[in-house]
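Open the structure in your viewer and keep the sequence beside it. The tour goes from one selection to the next.

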Amino acid sequence: MASVEAEMTDNSKASNPYSRLMALQRMGIVHNYEKIREYSVAIVGIGGVGSVAAEMLTRCGIGRLLLYDYDKVELANMNRMFFLPNQVGMTKTDAAVQTLSNINPDVVLESFTLNITTVDGFETFMSSLKNKSFNPNSEGTGVDLVLSCVDNYEARMVVNQACNELNQVWMESGVSENAVSGHIQLLIPGETACFACVPPLVVASGIDERTLKRDGVCAASLPTTMGIVAGLLVQNTLKYLLNFGDVSRYLGYNALKDFFPTMEMKPNTQCSNAACMERQKEYILAKPSRDAAAKAKMDADSLVAEEFPIHSENEWNISVVDDDEPDKVSTITSGSLPVGIMHELPSADKFESDPAPAETSNPIDDLEDLRKQLDALNAD
Ligand SMILES: [Zn+2]
């Protein structure tokens, strides 16, 4: 691997596949891009989102990818990106390894052709996530992040169970059955809501869900929506691993309105998942040391700010808002969901009545308001 590091650093050559990525470092966006070579990411579900996410991470020069799927490539998958007609009949994991190793032979690829929702599959899944890191320079467990790109509730609950047990940070992703909305979500055991803490949320598409879910009618899919959600997921992954920008806790996407709702979710103190409750206890116990570390960082930052005043004059009156304030995170309950987001599954007592109304009118109202304000401004 020494040659890869040398190649990564020598970023002036057009023949260097990493030159445009290393430019992120020269431009000050990323502090240390080469760190990406040390990271392992597990991708569960190599479908329309997972395969594209795997390709993006491979092109970015990720250290190691662990790929999990049990399905085979079908012609019906060709409306999505990544898989090729000549791969029909291969397992998705084998086909992915074939393509990804051609794109970037530097990435260590491990494929697991298994169903994580079976007893044996779950055991292998757990032990593969615990394997010793491939990188001799880093200590500890096997993976730095798990990406859930599965298409069903049961598999998400299995990823949630594994990650809560292993205290493993993960990101969840999803695309609606009508192919016009999706979301990504960051889950940090004990710190954010787990998948069992809050009923799963989806971005309202504005289409009546009752007209969609008919037995025997297969789900729709678009390469655009899946590519966008994969892009949002890997963007969040890069920000999380390489420590730049704001890492999204929840980011939704409504394709019909081009609407991107965001929110944060605290863990449920009565979560039904025992491992989640354990992680929540640990998180509360670690609060004093976390506060001390945050204070030390703030003191260090203010020292730097005193030594190097950026601008003594502030002609545009720009003020900096402290975004480290605790307790700005609101606990999400069914009554307090942000506009445009709703629960994916009806709660038991609401099952017989109408599903949650799709809140699509507010963005339009906002737009109308904005237009009126602009008209008023122009009239002056
Ligand atoms: Zn939970």
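Select Asn 167, which follows H6 and has a positive phi, near 55 degrees. This is a predicted model: local features need pLDDT of at least 70, side-chain atom pairs count only at pLDDT 80 or more, and totals for chains, interfaces and linings use all residues. Residues are numbered from 1 along each chain as its sequence is written. Helices (H or I, at least four residues) and strands (E, at least two) are DSSP runs, numbered from the N terminus.

Next, select helix H6, residues 153-166. Its 14 residues reach 20 Å from first C-alpha to last, close to the 20 Å expected (1.5 Å times one less than the number of residues). Among the buried residues of H6 are Arg 156, Val 159 and Cys 163; buried means that 20 or more other C-beta atoms, placed from the backbone, lie within 10 Å of the residue's own.

Now select strand E2, residues 64-69, where 6 of 6 residues are buried. Arg 64, Leu 66 and Tyr 68 lie on one side, and Leu 65, Leu 67 and Asp 69 on the other. In a regular strand the side chains alternate between the two faces of the sheet.

Leu 109 in E3 stands opposite Leu 65.

Methods
A residue is buried if 20 or more other C-beta atoms lie within 10 Å of its own, exposed if 12 or fewer, and partly exposed in between; C-beta atoms are placed from the backbone. Two strands pair if DSSP finds at least two bridges between them.
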